[in-house]
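User: I would like to go through this structure step by step. Please start with the terms and then take my questions in turn.

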Amino acid sequence: MASTIVNMPLNVGTIKGLDCLSHGKFNANALPIRPSVSSLPHRRMVVVKASTNDGPIKKLGMSDAECEAAVVAGNIPEAPPVPPIPASPAGTPVGTSVDIRSRPRRNRRSPVLRSAFQETSLSPANFVYPLFIHEGEEDTPIGAMPGCYRLGWRHGLVEEVAKARDVGVNSIVLFPKVPDALKSPTGDEAYNDNGLVPRTIRLLKDKYPDLIIYTDVALDPYSSDGHDGIVREDGVIMNDETVHQLCKQAVSQARAGADVVSPSDMMDGRVGAIRSALDAEGFQHVSIMSYTAKYASSFYGPFREALDSNPRFGDKKTYQMNPANYREALIELRTDESEGADILLVKPGLPYLDVVRLLRDNSPLPIAAYQVSGEYSMIKAGGVLKMIDEQKVMLESLMCLRRAGADIILTYFALQAARCLCGEK
Ligand code: PBG
């Protein structure tokens with residue numbers, strides 16, 4: 001019997017439990033099965049073989065029949081005594097045992113049992129790493145997101161991707177900081193085949209052909225108004241005209257080599273229109289991850305600082321969803337499914353776990369959750385102020401998104417969390 005896991009970096013385990021961290025490194029000798037490892041170029045293979053008992057039978061003296069006869073005759077061999085009942089502290093009430101049959105604590109009483117019965121797992125393979133890029137050569141720290149940078153597309157970005165791949169994170173999503181001089185009311189830079197995003201995709205695909213590149217489809221980084229769509233004189237965001245631009249943007253990204261285009265704009269009908277545009281250009285194989293339920297949230301603040309993409313006026317409430325609404329997510333789900341979305345995304349993440357679960361229970365498609373900038377920054381800030389344990393809260397928040405039903409998680413913690421899961425930090 002042999003099972004094979006291919007394409008996993010050797011040091012990456014699928015960590016089932018937060019508990020595993022305290023268990024230290026994976027110990028092959030502690031298991032009845034012995035993993036043997038062989039490596040292929042660019043691929044690692046783990047072969048797990050059941051141990052076979054085909055060696056010679058050891059002779060220790062008496063035969064089985066003699067042993068049985070000795071026991072029957074009353075010569076019982078020695079074994080350790082029945083363990084003593086552990087003492088309780090003085091003053092513990094006695095005779096208070098409650099008559100309950102179901103005691104859920106029985107299945108939680110040891111690390112081995114807890115990990116055996118753990119329902120949800122968290123692995124670096126579940127992460128998509130959002131990365132900010134700019135035209136500069138340097139990496140510029142983002143004030144409101146400690147540990148995040150606007151990365152130089154040619155150097156810093158490539159190094160960050162290499163670090164992520166080392167710990168099993170092989171999916172990224174790109175967000176560009178576009179020079180103000182290239183922004184316009186119609187955001188035409190969004191579909192410049194030589195713009196920052198298409199250029200970066202070509203560079204990354206050249207270096208790492210198997211890297212999965214997600215792209216953001218929306219006009220806000222390119223819009224002089226800072227909105228996701230074209231703004232009419234009276235402030236109205238023009239739906240169908242914006243969708244026209246988004247189709248061109250998605251096709252330009254696909255042409256450069258994007259694997260998954262991700263409309264985050266919340267215009268009506270954009271998934272179907274983008275699907276048709278991609279197909280018409282021969283990009284049937286390119287997936288669409290739709291921001292199905294994207295709420296008009298204040299948790300996006302640090303991201304807008306990172307990209308300098310705050311709306312110049314007004315807010316995004318005429319296209320992003322009202323945080324008070326739940327059923328409305330089902331309407332978006334139905335349209336996205338019928339228009340050909342491949343992945344459905346909920347954003348933000350932790351404050352919207354109910355919506356993640358709603359989509360999980362109502363669609364067979366993969367569900368993504370976006371742990372957004374504000375969620376990231378709150379955990380970072382709490383950690384810096386020593387109010388919470390940053391690492392534990394980070395892993396718990398990611399596990400909770402998985403438990404709620406997310407298959408993949410877009411998270412600025414992707415690298416840090418993957419390193420923890422690999423036992424590196
Ligand atoms: C815009 C976009 C936003 C985010 C991702 N894509 C901001 C917005 O809608 O204003 C937010 C991500 C985050 O806060 O981490 N298309």
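Analyst: Contact means that heavy atoms lie within 4.5 Å. This is a predicted model, in which local features need pLDDT of at least 70 and side-chain atom pairs count only at pLDDT 80 or more, while totals for chains, interfaces and linings use all residues. Residues are numbered from 1 along each chain as its sequence is written, and side-chain values use heavy atoms, with hydrogens and water left out.

User: In which strand does Pro 263 lie?

Analyst: Helices (H or I, at least four residues) and strands (E, at least two) are DSSP runs, numbered from the N terminus. Leaving aside neighbours within four places in sequence, Pro 263 is in contact with residues including Val 217, Ile 274 and Ile 288. The strand that holds Pro 263 is E11.

User: Is Pro 263 buried or exposed?

Analyst: Buried means under 20% relative accessible area, exposed over 50%, and partly exposed in between (1.4 Å probe, protein chains only). The relative accessible area of Pro 263 is 0%, so this residue is buried.

User: Over how many bridges do E12 and strand E13 pair?

Analyst: Two strands pair if DSSP finds at least two bridges between them. Ala 293 stands opposite Val 346 in E13. E12 and E13 (residues 343–347) run in the parallel sense, and the number of bridges is five.

User: Why is strand E12 largely enclosed by the rest of the structure?

Analyst: Strand E12 covers residues 287–294. It is largely enclosed because, of its eight residues, the number buried is seven.

User: Which side chain does Asp 228 join in a polar contact of 2.7 Å?

Analyst: A polar contact is a pair of N or O atoms within 3.5 Å; within protein, one must be able to donate a hydrogen and the other to accept it, and residues adjacent in sequence count only if both atoms are side-chain atoms. Asp 228 lies in the loop between strand E8 (212–217) and strand E9 (230–231). At 0% relative accessibility, Asp 228 is buried. The partner in the polar contact of 2.7 Å is Lys 316.

User: How far is an oxygen atom of the ligand from a polar side-chain atom of Tyr 412?

Analyst: For Lys 316, an N or O atom of the side chain is 2.8 Å from an oxygen atom of the ligand. For Gln 320, a polar side-chain atom lies 2.9 Å from a ligand oxygen. For Tyr 412, the distance is 2.6 Å.
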